[in-house]
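Please open the model in your viewer and keep the selection tool at hand. This tour goes from one stop to the next, saying what to select and what is there.

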Amino acid sequence: MTPASSDSSDEADRIFELEEQVEQLKEAVASHAVVDQAIGMMVALGRVTPDEGWEVLKEVSQRTNIKLRNVADLILIWGRDGRMPPEIRAELEAALDRHGPTQIPGAPSE
């Protein structure tokens, strides 16, 4: 290999690596958005704080052995059409019971 072809090969390898990194970052951003939306649903519907919503998602993921991103997807689907696998629903309800409901600021105490 000549020095020029070696430089060209190194450059092509570097471009390939960078393209792979860009794809991974795109996936991460999309996944983050889905998780954030699911946390928002937990906050709104489960009356928990955002940190507690994150904990709820993690617990459901760990207890069902389903990736957190997939749990978040299932929660968003549930928000759109009301369908959720029973085992996910049971774990979600249990996790929300453990973490909430948070008292709404300014609401009278029960």
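A word on accessibility is needed before the stops: a residue counts as buried when its relative accessible area is under 20%, as exposed when it is over 50%, and as partly exposed in between, with a 1.4 Å probe and protein chains only. The model is predicted, so local features need pLDDT of at least 70 and side-chain atom pairs count only at pLDDT 80 or more, while totals for chains, interfaces and linings use all residues. Residues are numbered from 1 along each chain as its sequence is written, and side-chain values use heavy atoms, with hydrogens and water left out.

**The whole chain**

Begin by selecting the protein chain, whose secondary structure comes to four helices and zero strands, where helices (H or I, at least four residues) and strands (E, at least two) are DSSP runs numbered from the N terminus. Of its 110 residues, 25% count as buried. If you take the contacts (heavy atoms within 4.5 Å) between residues at least 6 apart in sequence, 59% of them join residues at least 24 apart.

**Helices α2 and α4**

Next select residues 50–64, which form helix α2, together with residues 86–99, which form helix α4; their axes come within 9 Å and cross at roughly 140°. These axes are lines fitted to C-alpha atoms, for helices over the stretch in contact, and the angles run from 0 to 180 degrees between N-to-C directions. The two helices are therefore oblique to each other, since angles under 35 degrees count as roughly parallel, over 145 as roughly antiparallel, 65 to 115 as roughly perpendicular and the rest as oblique.

Which residues meet here? On the α2 side they are Glu52, Glu55, Val56, Glu59, Val60, Arg63 and Thr64, and on the α4 side Glu87, Ile88, Glu91, Leu92, Ala95, Leu96, Arg98 and His99. The residues of this contact divide into six nonpolar, two polar and seven charged, where Ala, Val, Leu, Ile, Met, Phe, Trp, Tyr, Cys and Pro count as nonpolar, Asp, Glu, Lys and Arg as charged, and the others, Gly among them, as polar.

Leaving aside neighbours within four places in sequence, Thr64 is in contact with Val71, Glu87, Ile88 and Glu91.

**Salt bridges**

Side chains of opposite charge can pair when their charged atoms come close. How many salt bridges does the structure hold? There are six, a salt bridge being a side-chain nitrogen of Lys or Arg within 4 Å of a carboxyl oxygen of Asp or Glu.

Select Glu23 and Lys26, whose side chains meet in one of them at 3.7 Å, N to O. Both residues lie in helix α1 (residues 3–46), three residues apart, which is about one turn of the helix. Glu23 is partly exposed at 45%, whereas Lys26 is exposed at 51%.

Move on to Asp73 and Arg69, which pair through their side chains at 3.3 Å, N to O, and which both lie in helix α3 (residues 68–81), four residues apart. Asp73 is partly exposed, with a relative accessible area of 24%, and Arg69 also counts as partly exposed, at 31%.

Finally, select Arg83 and Asp81, where the closest N and O atoms of the salt bridge are 2.8 Å apart. Arg83 is exposed at 57%, while Asp81 counts as partly exposed at 37%.
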